[in-house]
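Subject: Two-chain model for you

Hello,

Here is the model I promised to send over. Please load it before you read on.

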Amino acid sequence: MLKPTRMTKVVIAGTKDQMEPAISVFHRLNVLHITDFSKETEDFKIGRPLKTASKFSEYLLSLRAISNQLELKESESGKITKSIELSSDIDEKITKLQKEVSSRFDELRNIEFKLKEKEDLMSSVKPFFGLPLSLDSYTGYESVKVFMGYIDIDLESKINKIHSNFELFMGEHEKRKIFALFIPKEFEREVQDLLQEERTYVELKVPPLKGNPPIILDELKKEISNLKENSSSLETELDKLKEEYSEFIIAADEHLSIETQKSEAPLRFATSPNAFIIDGWVPSNKFDEIEMELQKSTGGKVYLTKIAPEIDEKEIPIELENPVAAKPFELLINTFATPKYKEIDPSLFLFVTYPLFYALMLGDVGYGLIVTAIGFFIIRKFKTGGLNALALILLISGLLSTVFGVIYGEFFGFPIFNLEFKGEFEAGILGIAGPAIAGIHLPVHRFESVKPLLLLCFGIGIFHVILGYIIGFRNQVIMHDLKHAIYTKGSWMMILIGGVMAIAKIMPALMSKSPMPTGDPILILGSGLFFIGVIILIIGEGFISLLELPTLLSNILSYSRILAIGLSSAGIALAVNKMAMNLMIKPDGVLMGGGIVLALAGIVVLFIGHVINLLLGILGPGLHSLRLQYVEFFTKFYEGGGTKYLPFGHNRKYTEE
Amino acid sequence: MDPTQAGMVAIGAGIAVGLCGIGAGMGEQAIGAAAVGAMAEDEKFFGKGLLMTVIPESIAIFGLVVALILLFVF
């Protein structure tokens, strides 16, 4: 909580014959973050992969090719296979499977190719239906030239002008005129020129076939249907293979990935001719367990020892550690940057403030419940990973939004409780006046109480930013020293607190145009604090830091977006409801007074309007709440740049040892 | 507040939000494009990219605050 998991640097050393068992142990434990060995010396070189590596990766390659050809999807298996069972006959099985699948797959490809060829032939034969000749009569002449094509003029008269000795066949295909012209070769040139000048002329090529076009077509059709039959039977065979072997393929894929990973691990070790050394990190609280396991599996032949961490802090791998509820918010932290080892991990703060900002913005019972339901639905669908974390965040935010919906008294923009808005009485859905809780009279209508809500937003902003500076102060003390912390964070805290105190006194006076309360102790104290802060800042960071002062103001003002986005969301809902109501109860408050069509239009407006507003209501508050965290909060303390903890191992899904 | 005055206040608020929004948008466009470019190279730039992109946004917020004060506080 608040701090990443404590890590211990370890060195593992042993003789080379113990390398394989050691790798197995660490892979199974899935805790060792290996630091890659890169600086080769005369004695120590980067290790070579185990002998099995090339074999395993070869199998893996063929297995993946098979699974690609079968179009296998990962989630199709639920069975867990024992690793030992798999390894006994994996090579035979894969070779056999490859033979069966590849041969069929190649055949299928072949058939598809042939099909394409035949279909092309078919479409090239079809135009010749219009002409009464068999296909072989178009070719094979020595002294006669044959022209064929589409044309849209009276060809005969034009050819007659060239020469009278010719034969012309005319026909039709798909409503276009088609011709075949037989003419002595000496006129080839002239006819060609004539045709080329004719725009409607499109040349036709004779397909390399013999016989009458209708007969050829029938034959082609038969061949195609045969090919199709073949291909569909092959496909069923492949489907059967897929069904039969899918579990094996998925399990074997995982098994081989793991084995490859294991056998390639020495690439990250330092090795001498007879020994190996692994550098790495383990969570401190797991050290004893690891030592015991290693002892057990290698009979004490592999040596494990702690090293005092006098190393560069950046090298330490970071594993965030948080209570279950705050865990999903680690996603938002890691998206921004992985924290450094000595930094505070702000997930827990996000757990409180992110949903709070979200709910303050959305604040509607109807929308809140839908957002909660969406979150719930996604969690049911995706049990792990980023989407699951995101859905959990959505769920928490949605629930809190529902609570704030009650406070604001809004249900899809309709008032829940009776209220008076701009002097007009409006009946709520429940038809009762809102209760008073802890002195606050519900509902707090957002359009009516802009001023107090705006002040609340600024208050939240001031608190949030100060919290950021406090964390920053702590980080600076840990990473540097107290003096540095006061210069860089303390000064800003003074400026902020002093400034707020002074402005709290100056603003009301400015607004009511009354004289400045110059003697007010709070104003004096605030201004004093402000100036002391500025002076410390200048001493610590130089005059240039004064340029940063307006940023602080804009940071605080930025929190007004909480109100603004809430108002716009409530405003859209209100507008949609008004429009729909006007269509549905018209005229003079009579239900369906304007006819059923208008009433239906009203329902459509209501539905579309609220769907759009809901989408905006998920996106807007989500992003802006995140922005307040990243830009206003994180910049006060967060540096990031740590290395993520990636233990050597594999989370088995389909196999077990 | 007479109606003319109220109308003027509303127009003023509109201009404040509108012009500030345009200004912020013009600022953000170049930074946003560059940030997306950097992110395409290396996804780790997401955090920094977002940070840079939203810097001009404070201008829009200033306009918004002015508008809110005009409409609701005065």
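My notes follow, chain by chain.

This is a predicted model, in which local features need pLDDT of at least 70, side-chain atom pairs count only at pLDDT 80 or more, and totals for chains, interfaces and linings use all residues. Residues are numbered from 1 along each chain as its sequence is written, while chains are lettered from A and ligands numbered from 1 in the order in which they are written.

**Chain A overall**

Chain A has 17 helices and 20 strands. Both kinds of element are DSSP runs numbered from the N terminus: helices are H or I with at least four residues, strands are E with at least two. The radius of gyration is 40 Å, against 26 Å from the globule rule for 657 residues, so chain A is more spread out than a compact globule. That radius is taken over C-alpha atoms, and the rule is 2.2 Å times the number of residues to the power 0.38. Along the principal axes, the C-alpha trace spans about 125 × 95 × 55 Å.

Of the 657 residues in chain A, 33% are buried. Buried means 20 or more other C-beta atoms within 10 Å of the residue's own; exposed means 12 or fewer; partly exposed is in between, with C-beta atoms placed from the backbone. Take the contacts in chain A with a separation of 6 or more: 79% of them join residues 24 or more positions apart. A contact needs C-beta atoms, placed from the backbone, within 7 Å.

The domain assignment for chain A gives domain 1 (140-205) and domain 2 (447-559). Such bounds come from an automatic or database assignment. The centres of the two domains, over C-alpha atoms, are 93 Å apart.

**Cores in chain A**

Which residues touch the most other members of the largest nonpolar core? They are A:Phe329 and A:Ile562, in a core of 109 residues. A nonpolar core is a set of buried Ala, Val, Leu, Ile, Met, Phe, Trp, Tyr and Cys residues joined through C-beta atoms within 7 Å. Not counting residues up to four places away in sequence, A:Phe329 touches A:Ser347, A:Leu350, A:Phe351, A:Tyr354 and A:Ile393. There is also a second, separate core of 15 residues. Its members include A:Phe56, A:Tyr59, A:Val101 and A:Ala251. As background, nonpolar side chains tend to be buried together in soluble globular proteins.

A:Glu174 lies in the loop between strand E6 (167-173) and strand E7 (176-184). A:Lys175 is found in the loop between E6 and E7 too. Most residues other than glycine have a negative phi. A:Glu174 is exposed, because 10 other C-beta atoms lie within 10 Å. A:Lys175 is exposed with 5.

A:Glu656 sits in strand E20 (residues 655-656). Is A:Glu656 buried or exposed? It is exposed, because it has 11 other C-beta atoms within 10 Å. Leaving aside neighbours within four places in sequence, A:Glu656 is in contact with A:Ile80, A:Lys82 and A:Ser83.

A:Lys55 is in helix H2 (residues 52-69). It is partly exposed, with 15 other C-beta atoms within 10 Å. A:Lys55 and A:Ser397 are 342 residues apart in sequence and 51 Å apart in space, C-alpha to C-alpha.

**Chain B**

Chain B has three helices and zero strands. Its radius of gyration is 17 Å, well over the 11 Å that the globule rule gives for 74 residues, so chain B is more spread out than a compact globule. Its C-alpha atoms fill a box of roughly 60 × 20 × 10 Å along the principal axes. Buried residues make up 22% of the 74.

Helix H1 of chain B (residues 3-41) has 39 residues. From first C-alpha to last it reaches 56 Å, close to the expected 57 Å. That expectation is 1.5 Å times one less than the number of residues. H1(B) has a kink of about 30°, centred on B:Glu28. The bend at a residue is the angle between axes fitted to the seven residues ending there and the seven starting there. Buried in H1(B) are B:Ala16, B:Cys20, B:Ala24 and B:Ala35.

Best wishes

Conventions:
Contact = placed C-beta atoms within 7 Å.
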